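The sequence and the structure are shown first, and the description follows.

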Amino acid sequence: MCGIVGGVTNKDITALLLEGLNRLEYRGYDSSGLIVLSRNNTFERARSVGKVKNLEDNLKARDHKINGNIGIAHTRWATHGEPTINNAHPHISMNSVSLVHNGIIENYAELKNDQLTKGYSFSSETDTEVIAHEIDFAMKACSSLISSVQLAIKSFSGSYGLGIISSKYPNQIIAARNGSPLVIGIGKNGNYIASDQLALLSVTKKFIFLEDGDIAEIKIDKITIYDLDGNLVDRPIKISRLKLGETNLGDYDHFMQKEIFEQPQAIRDTLESRISNDTVLISAFGYEAHEAFNKAKQVQIVACGSSYNAGLVAKYWLEDIAKIPCNVEVASEYRYRRPILLNDTLFVTLSQSGETADTVEALKAAKKINSNITSLCITNSPESSLTRLSDLTFLTHAGPEIGVASTKAFTTQLVALALLTCSISSLKKSINKRQERGIIHGLKRLPGLVNEALLQEKQIENLAIRFKDKNSALFLGRGTMHAIAMEGALKLKEISYIHAEAYPAGELKHGPIALIDKNMPVIAIAPNDDLLVKLKSNLQEVKSRGSQMIVFEDENSKVQQMEAMEVIPVTSNLGRITAPIIFTIPLQLLSYHVALIKGTNVDKPRNLAKSVTVE
Ligand code: M6R
């Protein structure tokens, strides 16, 4: 979603703001802008629609350079108001306050009416401009910038991550967080703010993670943080484990491609130190996990997008293997329902970013409904909102995922869920030692199996051309493969803009089979499992309606090759746990190559943001 970067330094800040924006561009990017306080304490602002590159060109084309030691910058993903220069951040009020904002101010219309009567005018259609005016108005009654922000913030309902500067207080930035992530970076030449550590890795590895309600006054030599009630608070400094190089493309053309090929290592890293003597170390989920898993009588999983698809796979595993009832629901629905949550529920959130607003709010709602539940988050982001809100945390060690389409985050979530299934199964004795060993051996084989699956790339690339002029595609699978088919369909939609749907293969005859003709490619997944015979007859039904088919199979499935049907053996001897993870790989490759043929922006598909931190 939108990105924020800012700093107070003893050097010129403009280059760092641009570098930070470039690193944040993957989050949201329909426009960008920056503002600095120049030497005579006046604002100098530049804003452009489109990529950060356009902002760079805008700055280069100016007669005089925009520079100063204090500045804030933003990449915008439009919520209120179209992507135009006027709607791009930073916004300014009365030449005294300027700010960048992530989140949504829900009562902005009401505030705007009030501010119009006070003589303020508006140059944008955003919900953000009211924040700047409200702070400017508060400054009339307050003696510092921070007290003005503290006063103004009382009128906002909604979510915000804010970076604020003022021409009247030219030595500081105010940062405020409520529902939108914000970190403070502590550097050698100054102090910084950003919505994501990645933006600041070139200047620091030391970060303070603000909590909801925090308001911080950031000067070059001092950082002071208050909570929402105005109490001074001490937030710990953490050293980031992220490496700058991890966010570079290296030899790859796209981050998505790089991240697909990083999966063997990401899975290895996620498994590392989580298994000992062929047993899952339950403490990998937190010190209290043992007791919590023992107590759990049902599991509720809540997530969005790919993370939701991973949850659907886990439902099969938890019920089939651990013999524990499991429900899975999309967070945006769950958060507004009045669900029944029993005391002994293990409430699991899945999220790459740990910041998805719907998932965070669903967890908060669940805790309100029943404070006795134990919450576990499985995330790729330490220090995220979800880790802070959850009783237990399992970190997938996928490394930064920059491509908007989730790849290695998804497969490592499945690995985490497999470890969870194994832990609960062994605690509840739903599997014996031999079965546990079998699962663990399967998990250890995964990096090699993923490498084998990646070898099919050339063949998949050759098939991708078939999608060039197609408007729709159907993905079929049964059991866990239905969830993997959903993930394949989501990937194709996201990055190639081809409409795609996933169906449980047995459900086809109840309606969707009417869609099938030679223009509707059908992609099916055929593992060698109990449902293979059923799946084969479903494939016959599709075939006889003239569809062009691609079947990804386990070598032992031996799906009969027919005219207009391409059968691609992915690898062999896959089990219940390994199969869904491995069959994800060809689907990722297929969507990647279709997107290349369609010429779309693979890493930054239109209308999408990496981390959806607003509703
Ligand atoms: O960070 P999260 O895992 O919570 O994100 C959830 C979804 O927004 C995300 O999976 C989205 O669907 C991806 N673009 C899928 O490729």
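Buried area is the accessible area, taken with a 1.4 Å probe, that two parts lose on being put together, summed over both. The size of an interface is often given in this way, as the accessible area lost when the parts come together. In this predicted model, domain 1 and domain 2 bury about 1,100 Å² between them, and carbon and sulfur atoms carry 52% of that area. The contact between these two domains involves 15 residues of domain 1 and 13 residues of domain 2. Their centres, taken over C-alpha atoms, are separated by 34 Å.

The chain is divided into three domains, listed below with their bounds.

| Domain | Residues |
|---|---|
| Domain 1 | 3–247 |
| Domain 2 | 249–454 |
| Domain 3 | 455–615 |

**Overall form**

The secondary structure comprises 18 helices and 26 strands. Along the principal axes, the C-alpha atoms fill a box of roughly 75 × 55 × 45 Å. A compact globule of 615 residues would have a radius of gyration near 25 Å, so the 26 Å of this chain agrees with that expectation. Of the 615 residues, 60% are buried. Among contacts with a separation of 6 or more, 71% join residues 24 or more positions apart. The accessible surface of the chain amounts to about 23,800 Å², and 48% of this surface belongs to carbon and sulfur atoms.

**Nonpolar cores**

The largest nonpolar core has 92 residues, and the members that touch the most others are Phe 293, Leu 376 and Phe 475. Domain 2 and domain 3 each supply at least three residues to this core. A second, separate core holds 27 residues, including Ala 46, Leu 55, Leu 59 and Leu 200.

Which residues does Phe 475 contact, leaving aside its neighbours within four places in sequence? The partners of Phe 475 are Ala 485, Gly 488, Ala 489, Leu 492, Ala 500, Glu 501, Ala 502, Tyr 503, Ile 523 and Leu 587.

**A buried glutamine**

Gln 413 lies in helix α13, which spans residues 408–427. The relative accessible area of Gln 413 is 3%, and Gln 413 is therefore classed as buried, the cut-off being under 20%. Not counting residues up to four places away in sequence, Gln 413 touches Ser 306, Ser 307, Ala 310, Leu 350, Ser 351, Gln 352 and Thr 396.

Terms used: Residues numbered from 1 in each chain as written. Predicted model: local features only at pLDDT ≥ 70, side-chain atom pairs only at ≥ 80, totals over all residues. Heavy atoms only, no water. Core = buried A, V, L, I, M, F, W, Y, C linked by side-chain atoms within 4.5 Å. Buried < 20%, exposed > 50% of the residue type's maximum accessible area, 1.4 Å probe, protein only. Domains from an automatic or database assignment. Contact = heavy atoms within 4.5 Å. Helix = DSSP H or I, 4+ residues; strand = E, 2+ residues; numbered from the N terminus. Rg over C-alpha atoms; globule rule 2.2 N^0.38 Å. Areas by Shrake-Rupley, 256 points an atom, 1.4 Å probe, with all protein chains shown as cover.
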